[in-house]
Amino acid sequence: MIILKNIYYQYDSKVVLNDIHLSIKQKERIVILGINGCGKTTLLKILNALIFPQKGSYTYNDVLITEKKIREKDFSRRFRREVVLLFQNPDVMLFNPTVYDEIAFSLRQLQLNENEVKDRVLYWANLFELTSFLDLPPFKLSGGQKQKLCLACLLAIEPKFLLLDEPTANLDPKTSGWLIDLLYDLQIATVVTTHNISLAPELGERLIVMGENHRIIYDGPTMQFLNDKEKMLAAGLLHKHRHRHGNVEHSHYHFHDF
Ligand SMILES: Nc1ncnc2c1ncn2[C@@H]1O[C@H](COP(=O)(O)OP(=O)(O)OP(=O)(O)O)[C@@H](O)[C@H]1O
Ligand SMILES: [Mg+2]
């Protein structure tokens with residue numbers, strides 16, 4: 001179980017996470033919404049122990065996560081296997097010569113023998129429709145294919161907490177639907193950021209909304225928030241347009257589906 005208490009994070013003098021309290025249980029499905037720059041990616045990086053808050057505490061299964069703790073090899077190996085992050089820009093994760101090696105790299109860290117590695121690479125490549133690319137260098141894939149490859153690499157090590165930073169941003173509607181089904185079937189905790197509000201209810205029953213003030217301004221059932229126009233407006237997630245048709249002025253609301 002993940003517990004964040006009273007987390008503050010600032011880059012230089014700019015506060016980007018303000019008094020964050022958040023617990024995440026095994027197998028929970030959480031979706032995070034919030035306008036650009038409110039701190040979603042920063043929050044996921046803290047959960048992944050890539051950066052460490054200046055104030056507050058992060059405990060993972062009762063272990064206090066600090067820079068020092070993460071430097072302990074045994075702990076780090078276990079933590080990195082259990083809590084994984086799909087980056088907003090998947091390119092930064094890919095560095096192996098071929099798609100095969102990219103997936104195999106994750107598996108070799110589990111100290112499997114090469115036959116097991118091969119079986120699992122073929123299984124994940126097939127599931128992610130990447131089989132025909134196995135011998136290609138990852139940079140030859142499209143943006144969406146790279147994203148799928150990164151996700152295959154992460155799932156291959158069977159994590160317990162999967163953090164995804166705008167996973168549908170590079171995906172076409174059909175592939176987004178496929179990803180949502182895949183995530184739904186996983187028996188692990190998922191924490192997903194998105195700007196696609198219409199997908200939010202499918203990505204998680206529990207919604208966290210981050211405000212312009214870099215605080216959590218809502219934590220509760222997803223649909224309850226999405227049905228509340230006032231709350232949506234306050235969070236900057238609903239946008240009011242004014243139009244003039246002939247002499248009649250009227251206004252209507254738009255989701256910010258970027
Ligand atoms: N490495 C960095 N150095 C300095 N400031 C940073 C850095 N990374 C992010 N920031 C700032 O921190 C704030 C929060 O950034 P973050 O990436 O967490 O936002 P976000 O909610 O993920 O936004 P988006 O929806 O655009 O992805 C932004 O104002 C950003 O400019
Ligand atoms: Mg972001």
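**Helix packing and sheet architecture**

Author: In this predicted model, the axes of helix 6 (residues 143-156) and helix 7 (residues 173-185) come within 13 Å and cross at roughly 10°.

Reader: Is helix 6 roughly parallel or roughly antiparallel to helix 7?

Author: The crossing angle of the two axes is roughly 10°. Angles under 35 degrees count as roughly parallel, and those over 145 as roughly antiparallel. Helix 6 and helix 7 are therefore roughly parallel.

Reader: How many nonpolar residues does the contact of helix 6 with helix 7 have?

Author: Helix 6 contributes Lys148, Leu151 and Leu155, while helix 7 contributes Thr175, Trp178, Leu179 and Leu182. By class, one residue of this contact is polar and one is charged, and the nonpolar ones number five.

Reader: Which strands are the edge strands of the open sheet of six strands?

Author: The open sheet has six strands in the order 6-7-8-3-9-10, with mixed pairing. An edge strand pairs on one side only, and this applies to strand 6 and strand 10 (216-221).

Reader: Which residue of strand 8 is the bridge partner of Asp165?

Author: Strand 7 (residues 161-165) and strand 8 (residues 189-193) run parallel and are joined by five bridges. Within strand 8, the bridge partner of Asp165 is Thr193.

Reader: Which strands does helix 6 touch where it packs on the sheet, and what angle does its direction make with that of strand 6?

Author: Helix 6 packs on the sheet by touching strand 6 and strand 7. The direction of helix 6 makes an angle with that of strand 6 of about 175°.

Reader: How many residues apart in sequence are the parts tied together by Thr41 and Gln88?

Author: The magnesium ion (ligand 2) is coordinated by Thr41 through OG1 and by Gln88 through OE1, at 2.0 to 2.5 Å. Thr41 belongs to helix 1 (residues 40-47), whereas Gln88 lies in the loop between strand 6 (83-86) and helix 4 (99-108). The pair therefore ties together parts whose separation in sequence is 47 residues.

Reader: Is Gln88 buried, partly exposed or exposed?

Author: Buried means under 20% relative accessible area, and exposed means over 50%. The relative accessibility of Gln88 is 37%, so Gln88 counts as partly exposed.

Reader: Which residue in the turn between strand 1 and strand 2 has a positive phi?

Author: Strand 1 (residues 2-11) and strand 2 (residues 14-24) pair in the antiparallel sense over seven bridges. The two strands form a hairpin with two residues between them. In the turn, a positive phi of about 50° belongs to Asp12.

Note on methods
Residues numbered from 1 in each chain as written. Chains lettered and ligands numbered in written order. Predicted model: local features only at pLDDT ≥ 70, side-chain atom pairs only at ≥ 80, totals over all residues. Heavy atoms only, no water. Pairing = 2+ DSSP bridges. Helix = DSSP H or I, 4+ residues; strand = E, 2+ residues; numbered from the N terminus. Donors = N, O, S within 2.8 Å, 3.2 Å for Na, K, Ca; no water. Buried < 20%, exposed > 50% of the residue type's maximum accessible area, 1.4 Å probe, protein only. Axes fitted to C-alpha atoms, helices over the stretch in contact; angles between N-to-C directions. Parallel < 35°, antiparallel > 145°, perpendicular 65-115°, else oblique. Contact = heavy atoms within 4.5 Å. Nonpolar A, V, L, I, M, F, W, Y, C, P; charged D, E, K, R; others polar.
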